[in-house]
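Notebook open, model loaded. I'm jotting down what I look up as I go.

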Amino acid sequence: MAEFLQQLLNGLSLGAIYALIALGYTMVYGVLRFINFAHSDVFMVGAFIGYYAGKLVPEGTIWGGLLVLAIAMAGCAILGMTIERLAYRPLRGAATLNVLITAIGVSLLLEYSGQVFFGAAPRTFPAVFPSANFSVGGLVISSNQIVVIVVATLLMIALEFIVHRTKIGTAMRAVSLNPKAAQLVGINNDVVISFTFGLGSALAAAGGILYALNYPSIEPLMGVMPGLKAFVAAVLGGIGNIPGAALGGLILGVVETFVNGSQWSTYKDAIAFAILIAILLFRPAGLLGKFTVEKV
Amino acid sequence: MSRTPSAVAVTLTCLALAVSTARAADPIKLGEVGPLTGKEAAFGQSAHKGITLAIEEINARGGVLGRPLAIASEDNQSKPGDSATIAKKLLSRDKVVAILGTGTSSNCLEIAPICQNAKVPLLATTATNPEVTEKRNYAFRVCFIDPFQGAVLAKFARESLKAKRVALLTSVSSSYSVGLSKVFREKFLAAGGTIVADQKYGEGDKDFRAQLTAIRAANPEAIATTGNYTEGALICKQARDLGLTIPIFAGDGWEAPELIEIGGASVNGSYYCSHYSSESTAPEVQAFVKKFRAKYHETPDSMAPLAYDAVMVVAEALARAGTTDGAKLRDALAATKNFPGVTGRTTIDADRNASKPAVVLAVKNGRTEFLQSIEP
């Protein structure tokens, strides 16, 4: 039982990170109907901003950790908006495939410029948050896991608030429903899309910092696998659906952890993707997604 | 008439001299394929320093066969597949006379068939998987092999750690780790131990909590992990986070300063097996450490002296072969006997491997300490 609970905790803290990245994929898909493949590399840049910012603040303090988190989120929000402005906005109205290929291009650009600027060798991420381990009846909880789960939950609540309770959130939902109609009622689509990219990228940066806290070896290609898993999580939950992305991330994290701890750990990615295929067979729009007929 | 042959001889000698002076400026090129960047970068970087040092020394004393040595270094970025492409490029474009494989066993396994086809010797500096040199008479290595290393680890676990119940953690996508785990299991079982948990992960994985939680449930006395340092450091960190305080031990894949850099205090209390210790009092080792420190201002780990020895072995074989011809150089390499190097005497055996003693190092207070030396 203790082992089961421990694995569940391990899975939830991994899943919370997947969920944070998945939210960015889903939000961009929601407003623009395309997969922003550069998202996983924004996650990597977030971790590297945290790495450099972490050297400026004293290690192991809560305010220092939160400051690093805020700097990385702000930096990546700017990066996300810049990418949107320079790479995607000129293609607005072009075929989705063109934007998709551009996204892959931006992703490779970030990965390999990362290798030039940060170096390809793995770096050690500083322990910016205080760390300690608590033992509760055979269950060992590390403070990093608590930080991950708490920060992820708070950010997701904040996101729900922004999307459903603020003016810009209402505008985001309007653009997502029908961009042309949104424009007709006076919404500036460019501002809304830019904001969506900023918000999604900030969440990716938070994911990057939390990931690096737990696995403190960071390198420019670190975003590839978590990005792919988060993308799967977004599809699993129903792409374009915000609670769906969170649910998908948690499910994927927990499944992966349980498979990893079993005898079949070699198949962990295969099993994770097999679950995706199975769910999509029965619910093509994902767990929480609404199936809509495409208007031709 | 009697003068003609000697006149011809003189002319020929002059020609030969002219040719040889023309070629004297032409260096003998060795190829180097290793991970200079990426997650195994520590191996490639350290080996590259060793190679550079050896080449400078050889050229300072006049080179080999009257020609200087040069190195064509290429980076495989720690990526599977790149070593093969690079080896082809070194052979066809740079026309290297031998290739030094400074990366992992997986890297060298990619290069070996290409060198075999081109009939150019491959000298692996640190690849310990037996398959690297098996069935290919152009593939050599200057280090010990995993069957020996596995036996050393089993012996260390049973006799020094007094462990009977050991958990095994293998990287299934690394030829080195899979091979080492297999031998360790055999030898450890034969020595009366039991493997209480057998867990696996993939290269590049970052999360080992699931495997370690399963290992913790099996209640072992020590953890044997056979992968490389990046994963090793994270394994130590997560094991300590989960409250596992038992010793963790590994093979020579842990030999990198990054192990302690990434793992921090959590690596303390772990052990690994390696090729040499910079603390050894042998005069060759002390002389090498001194030269290395003077040039790079750091203490060499075992990848540097192995690579240094590899260059010296090739240079000596070239001198004995008297030519850069692949087949003759191969024969000369195969005949290497008792070559005195930094990592001990190198004798290439019938299977083109070098048998050398292994050392066990302990990590204490963020430093490695020499613990014991185990003979083959």
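This is a predicted model: local features need pLDDT of at least 70, side-chain atom pairs count only at pLDDT 80 or more; totals for chains, interfaces and linings use all residues.

I started with helix 6 of chain A, residues 167–177, where the buried residues are A:Ala171, A:Met172 and A:Val175. Buried here is a count: 20 or more other C-beta atoms, placed from the backbone, within 10 Å of the residue's own, with 12 or fewer called exposed and anything in between partly exposed. Helices (H or I, at least four residues) and strands (E, at least two) are DSSP runs, numbered from the N terminus.

What do the buried residues of helix 6 of chain A pack against? I found helix 1, helix 5 (143–165), helix 7 (179–184) and helix 8 (189–214) of chain A. Contact means C-beta atoms, placed from the backbone, within 7 Å.

Residues are numbered from 1 along each chain as its sequence is written, and chains are lettered from A and ligands numbered from 1 in the order in which they are written.

Next I looked at chain A as a whole. I count 11 helices and 4 strands in chain A. Its radius of gyration is 19 Å, close to the 19 Å that the globule rule gives for 296 residues, so chain A is as compact as a globular protein of that length. (The radius is taken over C-alpha atoms; the rule is 2.2 Å times the number of residues to the power 0.38.) The C-alpha trace of chain A spans about 60 × 45 × 35 Å along its principal axes, and 52% of the 296 residues count as buried. Of the contacts in chain A between residues at least 6 apart in sequence, 77% join residues at least 24 apart.

Then chain B, which has 12 helices and 14 strands. Its radius of gyration, 22 Å, is close to the 21 Å from the globule rule for 376 residues, so chain B too is as compact as a globular protein of its length. The C-alpha trace of chain B spans about 95 × 40 × 35 Å along its principal axes.

How is chain B divided? I get domain 1 (10–144 + 281–356) and domain 2 (147–274), with bounds from an automatic or database domain assignment. Taken over C-alpha atoms, the centres of these two domains of chain B are 31 Å apart. In chain B, 17 residues of domain 1 are in contact with 17 residues of domain 2. On the domain 1 side, helix 2 (41–60) and helix 4 (105–118) of chain B are the elements giving two or more residues, and helix 4 of chain B gives the most, 3 residues.

Last, I checked where the chains meet. The contact takes 22 residues from chain A and 26 residues from chain B. On the chain A side, helix 1 (2–32), strand 2 (133–136), strand 3 (139–142) and helix 10 (242–260) each supply at least two residues. Helix 1 of chain A has the largest share of that side, 5 residues.

How values were computed. Two residues are in contact if their C-beta atoms, placed from the backbone, lie within 7 Å.
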